[in-house]
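Okay, thanks for coming, everyone.

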Amino acid sequence: MGDDGPIAACSDAPSPGRSPIRRLTAFEYDATIEDLFGDTTHPAAGFPQEGGSGLDNNAEVISVSPLHAEKFMQAAESVAARATEDLAALLPCDPASVDDACVADWLDEFGERVWRRPLDAAEHAELLGFYQEARELHGVTEAVSLVLQTMLQSPYFLYRVEFGPASASDGVVRVGDWEMATRLSYFLWGSMPDDTLFAAPRAGELATTEQVEAQARRMLGQPRARAMLLHFHEQWLDYAAIDGITKDADAFPDYGPDIAAAQRAEVDAFIEHVIWEDDGTVTSLLTAPYTFVDGALAAYYDLPAPGGPGMQQITPTGRELAGVLTQGALLAVHAKPHETHPIARGLFVREQLLCTIPPPPPPEIDLVPPPIDPNATTRERYEQHRDDPACSGCHNLMDPIGFGLETFDGSGRWRTTENGLAIDASGDLVGTDVDGAFVGAAELGARLAGSQMVNDCVATQWFRYGYGRTESLEQDACSIAQLREGFSAGGFDIKELLVALTQTDAFLFRPAVEG
Amino acid sequence: MRRPISRRTLLRGAGGVAIALPMLEAMLPRRSHAGGTADFPRRFVVFFSANGTIHERWNPLGTANDFTFVDPANPGQLRILAPLEPHKGDLVVLQNLAQQTRSHGPGGNGHDMGMGQMLTANTLVEGPSGYAEFSHLPDGSVAGPSIDQAIAEVIAGTTPYRSLEFGVRANLDLARQLTSRMCYRGPFEVLPPENDPQAAFDRLFSSLDADPAEVATLRAKRKSVLDRVGEDFLRLEAKLGASDRQKVESHLDAIRELEQSLSNDHGLLDGCAMPNVPGKLDYNANDNYPLVGSAQMDLIVMALACDLTRVASLQWSTAQSGVPFTWLGHSSDHHGMSHEADNDATIREQLVAVNHWYAEQFATLVTAMKQVVEGDGTLLDHSVVMWCNEQGNGDTHSANEIPYVLAGSAGGAIETGRWIDAQGRAHNDLYVSLLRAFGADVDTFGLADVCIGPMPEL
């Protein structure tokens with residue numbers, strides 16, 4: 001990368017844009033605790049939900065309430081209690097003869113892992129002093145536990161603190177080496193660095209753009225990257241609500257928690273397969289003719305039983321699949337409890353895939369959706385509603401996209417009729433770079449896959465996730481251009497986009513911290 | 001059944017410690033009240049339900065001081081406020097308040113603005129990105145604190161918790177934070193609700209049985225840890241740029257508040273009793289919605305009765321609530337129905353039933369607060385419970401006919417048993433009146449431009 005000539009939007013001086021201080025999300029907290037202690041109890045499960053702009057890691061909207069501070073305290077207490085159950089595993093010495101020298105060594109080694117940088121001498125002395133006081137009062141084990149609680153509630157654990165190199169002065173600085181290790185690990189893994197990544201700043205090997213790229217490529221091969229990818233997709237593709245979804249028992253008598261859970265497994269398996277086994281492209285994400293089913297889901301979808309246990313890949317005949325567009329979880333979430341919701345499906349495509357947000361309904365107008373009519377299809381009812389000129393301007397942007405997915409009912413199941421009437425799955429794309437009529441999910445997927453707007457939108461969504469903020473078209477013009485070029489050069493493979501995200505001004509630099 | 005805790009001590013915020021030991025009577029400072037109500041604390045509770053109402057089925061019948069919620073000519077008709085008939089002497093029914101703030105500031109979506117402005121009575125603000133495509137403020141917030149926090153400022157005293165936020169499936173909409181949160185300390189300082197009643201119980205009540213010596217030790221340990229952590233925060237704060245410093249500062253404030261709650265020793269009130277243990281339940285399951293709500297209300301009443309806090313809120317779902325009322329046999333969801341009621345009689349009846357159900361819940365809360373005796377009166381007498389909504393009419397997203405019901409008189413400061421037509425007055429002025437009833441000397445709240453002053457009727 002970077003050898004293809006200058007990017008027009010970029011000048012000689014790097015323009016990193018805003019770089020708000022990041023705090024570990026609940027997802028990152030749990031993963032970090034697991035990596036630090038092997039503790040898989042998900043202590044952050046009860047943290048308050050937080051986020052904005054569609055993502056849980058938007059650093060600029062999140063804040064810590066007193067409830068949240070209390071949850072941090074309780075989590076630190078329970079993690080520390082479990083971690084000190086086996087002092088031998090935690091400390092670098094015989095737990096029967098723990099002296100201050102042992103604890104001092106432990107603080108150096110473990111402190112560096114918890115705070116993701118070496119402790120300075122003053123910090124080390126303070127923690128050791130704190131330990132000694134606590135040991136006098138409560139004994140060794142409890143004192144170690146209290147030191148852990150302190151480290152886990154410290155801003156140096158909970159936040160990703162960055163200052164850049166101390167010498168910086170000119171308004172924009174390169175992110176420091178330890179800080180870069182942390183940036184990489186929380187972006188690509190949603191967790192702390194591993195030993196290899198920690199070794200890099202120690203050896204001064206994260207100082208160049210190429211070294212950052214090499215680490216990124218290595219890291220994408222690790223299991224943590226898979227978990228992060230799924231975590232991003234459930235937010236971007238807005239299907240997390242499949243967990244615990246309720247469908248109307250009269251409309252969907254065979255739908256229950258087991259099917260919802262299977263649809264969650266289906267979409268996870270599908271995305272993992274596209275990214276890691278297939279070619280990883282946006283095109284595959286939007287057009288793949290296969291999905292994954294287990295026995296129960298195959299029966300629900302009226303597909304042949306899979307050949308093996310668990311989720312099995314299947315390419316059905318006689319029906320059109322189009323990647324994530326026809327994933328049961330997405331279709332069931334973007335629907336009403338008792339029927340489809342073409343507007344919601346169309347809005348999803350516009351907002352999440354095209355990054356264009358239609359205006360809201362004007363205030364004080366009657367927003368009457370079409371009445372239930374047992375002698376009409378959902379589409380026919382919504383078409384009448386779209387005749388109103390006050391509504392049609394915006395609804396023409398959404399409804400006809402949703403109509404193209406009408407061959408899937410409100411629970412994500414393939415259908416060819418509704419109320420005894422044949423489904424009309426013709427649709428229309430308006431206000432995009434791939435405008436025009438289409439019929440059905442497969443054509444919609446193929447059309448979107450050929451859209452530059454969609455590819456740019458995917459890059460934008462990842463920008464927001466990777467950098468924990470919404471883009472600024474001015475300040476981030478260079479980074480966005482760098483991203484798009486990297487994505488395009490990588491054949492629109494999501495994995496190449498992830499590497500490109502580590503190569504931008506926004507990732508490699510930050511504004512100097514004003515005194 | 002609740003059990004009295006007159007022989008127990010109280011440990012705040014000590015989830016997890018549950019060692020029962022007998023207590024010394026001397027360690028049980030109960031505040032004595034000579035029978036009057038003047039020295040009982042004042043409380044404020046917010047009760048939110050979404051998507052507007054059906055006015056002609058919500059409105060009382062009769063006159064301002066003599067009204068009923070049941071139509072004598074048509075007693076079989078389901079009327080929304082009928083469950084409150086036994087309590088009407090303790091109520092102020094307020095119709096036609098307006099969110100005049102909706103015509104000010106950025107934003108435009110009725111649910112975003114409705115929810116963000118409901119308790120703040122203020123404009124929305126754009127986020128740091130300046131991104132406000134059409135009406136949505138994906139990283140935006142509110143311009144000022146919500147009324148519950150403003151009242152807490154006046155009445156919280158030294159209670160362990162300045163306020164407590166409870167939710168029933170009040171899940172965050174990641175893309176539209178504004179539609180799913182209602183309590184704010186200030187811009188970008190949101191107070192998320194606790195949706196899990198068992199977690200709330202553990203936080204507030206689980207340690208009532210703890211050994212005082214254990215309690216003292218645990219508190220000392222926590223204080224030492226938080227002190228140490230606080231020093232890290234202070235040192236870091238000094239080195240950060242302005243916007244990062246604000247984030248870290250507000251985190252440190254939360255830690256200081258937590259420390260404060262560990263040091264605040266004060267007695268229990270007479271009405272304090274152990275609430276029911278909610279038990280582990282799937283609090284996000286739709287069918288558990290009524291059960292979770294009931295558990296949360298139980299906790300709210302006892303948190304107030306024990307003076308753990310004086311300000312609480314209960315957020316049923318979110319603005320644009322998509323909860324299907326399966327337990328009433330409904331197939332569509334609340335938000336979906338709110339847009340269908342005008343041309344579908346069946347759905348209209350179901351929507352009335354949804355709002356009637358919320359009135360039943362409000363009545364349950366009011367009843368429970370009446371059952372807590374405080375001096376010559378009850379917990380309800382010393383409180384105001386405010387039922388609010390982010391819309392007037394769910395179908396049109398109307399900002400002009402927002403239904404409010406107040407219960408309780410804040411210790412006689414508000415004359416109850418009345419039905420008031422606010423005739424489009426800004427809801428800011430209701431909050432000015434409430435702040436005054438709680439003892440604040442204010443003429444405006446929220447966006448001052450739309451304030452006239454306290455409502456003369458209150």
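Strands here are DSSP runs of E, at least two residues, and helices are runs of H or I, at least four residues, numbered from the N terminus. This is a predicted model, where local features need pLDDT of at least 70 and side-chain atom pairs count only at pLDDT 80 or more, while totals for chains, interfaces and linings use all residues. Residues are numbered from 1 along each chain as its sequence is written, with chains lettered from A and ligands numbered from 1 in the order in which they are written.

How confident is the model? It scores ipTM 0.92 and pTM 0.93. Do watch residues 1–30 of chain B, though, where pLDDT stays under 50.

Now the sheet. In chain B, 7 strands form an open, mixed sheet in the order 8-12-2-15-16-5-17. Strands 8 and 17 of chain B are at the edges with a single partner strand each, so one side of each has no neighbour in the sheet.

Let's zoom in on strand 2 of chain B, residues 43–48. It runs parallel to strand 12 of chain B, with 5 bridges, and B:Phe48 sits opposite B:Gln315 there. Strand 15 of chain B is also parallel to strand 2, this time through 6 bridges, and B:Val45 faces B:Val385. Moving on, strand 15 pairs with strand 16 of chain B in the antiparallel sense over 3 bridges; B:Val385 has B:Ala407 as its bridge partner in strand 16.

So, is strand 2 of chain B buried or exposed? 6 of its 6 residues are buried, meaning 20 or more other C-beta atoms, placed from the backbone, lie within 10 Å of a residue's own. B:Arg43, B:Val45 and B:Phe47 point to one side, with B:Phe44, B:Val46 and B:Phe48 on the other.

That brings me to the core. A nonpolar core is a set of buried Ala, Val, Leu, Ile, Met, Phe, Trp, Tyr and Cys residues joined through C-beta atoms within 7 Å. The largest one has 115 residues, and B:Phe47, B:Ile300 and B:Ala303 have the most contacts inside it. Helix 10 of chain B, residues 345–371, gives the largest share, 12 residues.

Conventions:
A residue is buried if 20 or more other C-beta atoms lie within 10 Å of its own, exposed if 12 or fewer, and partly exposed in between; C-beta atoms are placed from the backbone. Two strands pair if DSSP finds at least two bridges between them. pLDDT is the predictor's confidence in each residue, from 0 to 100. Two residues are in contact if their C-beta atoms, placed from the backbone, lie within 7 Å.
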